[in-house]
Amino acid sequence: MKLHEYEAKEIFKKYKIPVPEGFITSTEIEKLNKPVVIKAQVLVGGRGKAGGILFADTVDEANEKIKELLNKDIKGEKVEKVLVEEKIPIEKEYYLGITIDRAERKPVIMFSTEGGVEIEEVAKTNPEKIIKYHVNPQSEFLPYIARNILKDADIPSKEIPKVADIMYKLYNVFKDMDGMLVEINPVVITEDGRALAADAVLNVDDDAYYRHDYTQFEEFSKKDKLEFAYVELDGDIGVIGNGAGLTLASMDMVKEYGGNPACFLDIGGGANEETVKKALEKVLERDVKGIFINVLAGITRCDEVAKGIVEVLKKHPNVKFAVRMMGTNEEEGRKILTENGIPFERSMEGAAKKLMEMINS
Ligand code: GDP
Ligand code: MN
């Protein structure tokens, strides 16, 4: 999952990585006391070139630019928010990034004096200008290591401690956040000799979601909307499962007991309460007699699924539900369902049978 620049910078701040002063907005602003840069918050690279980075000296000018950006698409992505930041007097731009080198099975730190341009471009034209360092994940990454890495870089020695400090902190962000990619392009050296992160990219590993609260990030709710696979059919029993195979087997089971599936809906792996609610609401857009929910919880948690079911069921007292649910947090999930009077089965035959009995009685 990709974080927006402003979200990544909030995290950087917690790690004391210096970032420009600024705020996020989706409307015009009241006042301004210094020149600013206005940055479209879209998850695409090369925003600057695509017209997503604008400058303003006065409040009127800033509002003009804010309006301009908010009406724009940058490389096909609609701008919903802009980041307004103090304009930094730039002397130099460096590149700093960390990702996983799958071949080496280690995180790799990359640094280049060719900042402010796309790193892929530098890799093509001036590969010797990119320094790479593979981190041993089994020993601690210490500040002196960061300073050593930069000794090979063509930068003035007085800048080394400042850039190394950012590198060290950025590695901790990468590690703590389960990063797939973290980038500061550019790390700016200001005219008065400070080093700061003028841009921020942070992609986190979705599979590490259980260690974090990803719900706080914008992309999380957007991803959800597309998270399930849905195929409409001509029957009247909604079928929801997690995983395509299990969902297909559930449809067979409904058929076996005389029902006709109204849909195939696979909520996928790691579905949470929100996903389940959206899936149920999707099925309930049509006039179904009953819904069969079949969940084998691994990464998915039964209690999350149960909460989603209960939430939606409250609004649809006339629709019959049967749930087969087992796996992670089964006890908690079962408790939530029984407290709310929803039949709960451990076997899918049992659940399908019960559902069809309820419908036919
Ligand atoms: P990107 O195009 O999506 O990578 O957006 P960046 O945030 O990296 O901005 C692109 C370029 O705009 C940077 O490389 C800088 O050259 C320039 N820029 C961004 N912020 C500032 C600023 O505060 N001051 C100045 N002078 N230039 C800036
Ligand atoms: Mn950039």
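Select Asn-185 first: in this predicted model the residue is buried, at 16% relative accessible area. Now show the manganese ion (ligand 2), which Asn-185 (O) and Asp-199 (OD) coordinate at 2.1 Å. The two residues come from distant parts of the chain, 14 residues apart: Asn-185 sits in strand 11 (residues 179-190), and Asp-199 in the loop between strand 12 (195-197) and strand 13 (201-204). Asp-199 is buried too, with a relative accessibility of 16%.

Next, select Lys-9 and Glu-85. Their side chains form a salt bridge, 2.8 Å from N to O. Lys-9 belongs to helix 1 (residues 5-14) and Glu-85 to strand 7 (residues 82-86), so this contact ties together parts 76 residues apart in sequence. Lys-9 is buried at 3%, and Glu-85 is buried at 3%.

Move to Glu-159 and Lys-92, a salt bridge of 2.7 Å, N to O. Here the loop between helix 4 (143-151) and helix 5 (160-176) is tied to strand 8 (residues 90-101), with the partners 67 residues apart. Glu-159 is buried, at 5%, whereas Lys-92 is partly exposed, at 25%.

Then pick Asp-176 and Lys-175, whose side chains meet at 3.9 Å, N to O, in a salt bridge. Asp-176 is partly exposed at 35%, and Lys-175 is partly exposed at 46%.

To see a network, select Glu-5, Lys-9, Lys-39, Arg-47, Glu-85 and Asp-199, which are joined by salt bridges that share partners. The whole structure has 30 salt bridges.

Finish with the cysteines. The structure contains zero disulfides. Cys-263 is buried at 1%, and Cys-302 is buried at 0%.

How values were computed
Residues numbered from 1 in each chain as written. Chains lettered and ligands numbered in written order. Predicted model: local features only at pLDDT ≥ 70, side-chain atom pairs only at ≥ 80, totals over all residues. Heavy atoms only, no water. Donors = N, O, S within 2.8 Å, 3.2 Å for Na, K, Ca; no water. Helix = DSSP H or I, 4+ residues; strand = E, 2+ residues; numbered from the N terminus. Buried < 20%, exposed > 50% of the residue type's maximum accessible area, 1.4 Å probe, protein only. Disulfide = S-S within 2.5 Å. Salt bridge = Lys/Arg side-chain N within 4 Å of Asp/Glu carboxyl O.
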